[in-house]
Amino acid sequence: MKTDIQIAQSVTMKPIVEVAENIGIDSDDLELYGKYKGKISNAHWEKIKDNPDGKLILVTAINPTPAGEGKTTTTIGLGQALNYLNKKCVVALREPSLGPCFGVKGGAAGGGHAQVVPMEDLNLHFTGDFHAITSANNLLAALLDNHIQQGNALGIDPRNVVLKRAVDMNDRVLRNVVIGLGNKMDGMVREDHFVITVATEIMAIICLAENCVDSWRSFCQYCPWVQQYYCNEDGFEDGRHCHYRGRIWS
């Protein structure tokens with residue numbers, strides 16, 4: 001019997017542009033990441049947002065079988081079955097976290113002949129979003145410690161910092177760490193913590209934000225040290241723009 005990765009590497013993939021056309025998405029509405037991956041543009045949402053709603057089938061949390069059939073495999077198999085019956089069906093999955101992928105759990109692209117390809121890309125780096133969120137989270141953490149180091153004008157208590165740093169890896173020794181060791185130029189010594197990327201507040205903000213401006217507004221509210229240095233007096237101008245060192249995001 002073939003393994004999941006052997007099955008994934010044995011199939012002939014269709015270009016993502018062709019896949020998108022099958023569900024009514026033009027190539028102009030795709031942001032391509034190579035030949036087989038892409039993102040749907042915000043412009044496409046503006047075109048279809050007033051269309052009648054489709055039907056949603058939610059596959060809830062279930063324990064996988066010993067063979068590995070769990071939520072993802074069941075969802076993909078269901079999508080394949082509905083498409084086989086000539087139903088216009090699209091499967092929506094979460095992006096796998098690298099932590100579980102390198103642990104006992106393994107990948108999260110389905111299994112057998114009910115899996116998403118390219119499986120290796122999906123399980124590892126995909127379109128780079130997790131890496132961007134990890135960097136954004138750790139930048140905010142670095143700004144916080146720099147603010148404390150440079151005088152702590154906001155009077156932040158280093159013993160009560162809830163913002164944790166992130167690394168998309170299951171590494172138990174980083175759950176509780178002490179930072180700032182060395183000399184006084186290396187920052188204030190305090191206890192800190194690491195979580196995997198999907199457990200960060202920044203991931204939650206990105207998931208719930210309506211658009212880029214809404215996400216930036218949430219960043220400023222969640223991180224007052226960011227608002228002090230990187231936003232204008234209100235953070236926003238007429239609710240639509242945010243100033244970042246003279247540059248306007250809208």
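Okay, let's start with F219: it's buried, with a relative accessible area of 12%, and the cut-off for buried is under 20%. Keep in mind that this is a predicted model.

So what does F219 pair up with? The structure holds one aromatic pair. That's W216 with F219: ring centres 6.2 Å apart, planes at 90 degrees, so we call it edge-to-face. Both residues sit in helix α9, which covers residues 212-222, and because they're three residues apart there, about one helical turn separates them.

F219 also turns up in the packing of α9 against α8. Those two helices pack at about 145 degrees, with their axes 9 Å apart, and α8 passes α9 in a right-handed crossing. On the α8 side, the contact uses E201, I202, I205, I206 and L208; on the α9 side you've got D214, S215, S218, F219 and Y222. By class, that contact has six nonpolar residues, two polar and two charged.

Now, over to the other partner of α8. Helix α7, residues 129-149, packs with α8, residues 201-208, at an angle of about 120 degrees, and the axes are 9 Å apart. That makes α7 oblique to α8. α7 passes α8 in a right-handed crossing as well. From α7, the contact takes F130, I133, A136, N137 and L140, and from α8 it takes I202, M203 and I206. How many charged residues are in there? None: this contact has seven nonpolar residues and one polar.

Key: Residues numbered from 1 in each chain as written. Predicted model: local features only at pLDDT ≥ 70, side-chain atom pairs only at ≥ 80, totals over all residues. Heavy atoms only, no water. Axes fitted to C-alpha atoms, helices over the stretch in contact; angles between N-to-C directions. Helix = DSSP H or I, 4+ residues; strand = E, 2+ residues; numbered from the N terminus. Parallel < 35°, antiparallel > 145°, perpendicular 65-115°, else oblique. Left-handed = near helix turned anticlockwise from the far one by under 90°. Contact = heavy atoms within 4.5 Å. Nonpolar A, V, L, I, M, F, W, Y, C, P; charged D, E, K, R; others polar. Phe/Tyr/Trp six-rings, centres within 6.5 Å; stacked < 30°, edge-to-face > 60°. Buried < 20%, exposed > 50% of the residue type's maximum accessible area, 1.4 Å probe, protein only.
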